[in-house]
Amino acid sequence: MTAHLICLETGEKHAILPAQPWLIGRDPNLAQRGLLISHPSISRIQASICIQQTQWMLQDEFSRNGTKVNGNRLDPLKPIALHHGDDI
C-alpha cells in the first residue's frame, strides 16, 4: 500500500512506502528516507509517518513548534490516523 504526500506550495508529489517510517524535517539526511523541508520553523526531525496494520499514522517527534493536522496540534509521540485530504 503506497500513500502520497503532496506539497501544496510546490505541487511536488512524494510517494510514501510502508517498509519503514517516513520522516519529515530539515535534516539534510532525510532526502533519502523522507521529506526534507528547509525552513527555520521546522525541526531537524519534525514528524514521522508509518503504517500500522492498514492505517497510515502521523506522529510528532517532539518538534519545537509542533505538528498540526487540519489545524489541530498533535501531542508529541501520540500517533494519529491520517485520512485522504488531511492537511499536515
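The model is a predicted one, so local features need pLDDT of at least 70 and side-chain atom pairs count only at pLDDT 80 or more, while totals for chains, interfaces and linings use all residues. Residues are numbered from 1 along each chain as its sequence is written, and side-chain values use heavy atoms, with hydrogens and water left out.

The chain turns out to have nine strands and zero helices; both are DSSP runs numbered from the N terminus, with helices being H or I of at least four residues and strands E of at least two. The radius of gyration is 12 Å, close to the 12 Å that the globule rule gives for 88 residues, so the chain is as compact as a globular protein of that length. Here the radius is taken over C-alpha atoms, and the rule is 2.2 Å times the number of residues to the power 0.38. Those C-alpha atoms fill a box of roughly 35 × 25 × 25 Å along the principal axes. Buried residues make up 33% of the 88, where buried means under 20% relative accessible area, exposed over 50%, and partly exposed in between (1.4 Å probe, protein chains only).

Next comes the sheet. Five strands build an open sheet with mixed pairing, in the order E4-E3-E5-E6-E9. Its edges are E4 (34–36) and E9 (80–81), each of which pairs on one side only. Two strands count as paired if DSSP finds at least two bridges between them. Strands E3 (residues 22–25) and E5 (residues 47–52) run antiparallel to each other, joined over three bridges. Within this pair, Trp22 has Ile49 of E5 as its bridge partner.

Thr67 sits in the loop between E6 (55–60) and E7 (68–69). With a relative accessible area of 5%, Thr67 is buried. Setting aside neighbours within four places in sequence, its contacts (heavy atoms within 4.5 Å) include Leu58, Asp60, Leu74 and Ile88.

Finally, the structure holds one salt bridge, meaning a side-chain nitrogen of Lys or Arg within 4 Å of a carboxyl oxygen of Asp or Glu. Asp27 and Arg44 form this bridge, and their closest N and O atoms are 2.8 Å apart. The partners lie 17 residues apart and link distant parts of the chain: Asp27 is in the loop between E3 and E4, Arg44 in the loop between E4 and E5. Asp27 counts as buried at 10% relative accessibility, whereas Arg44 is exposed at 51%.
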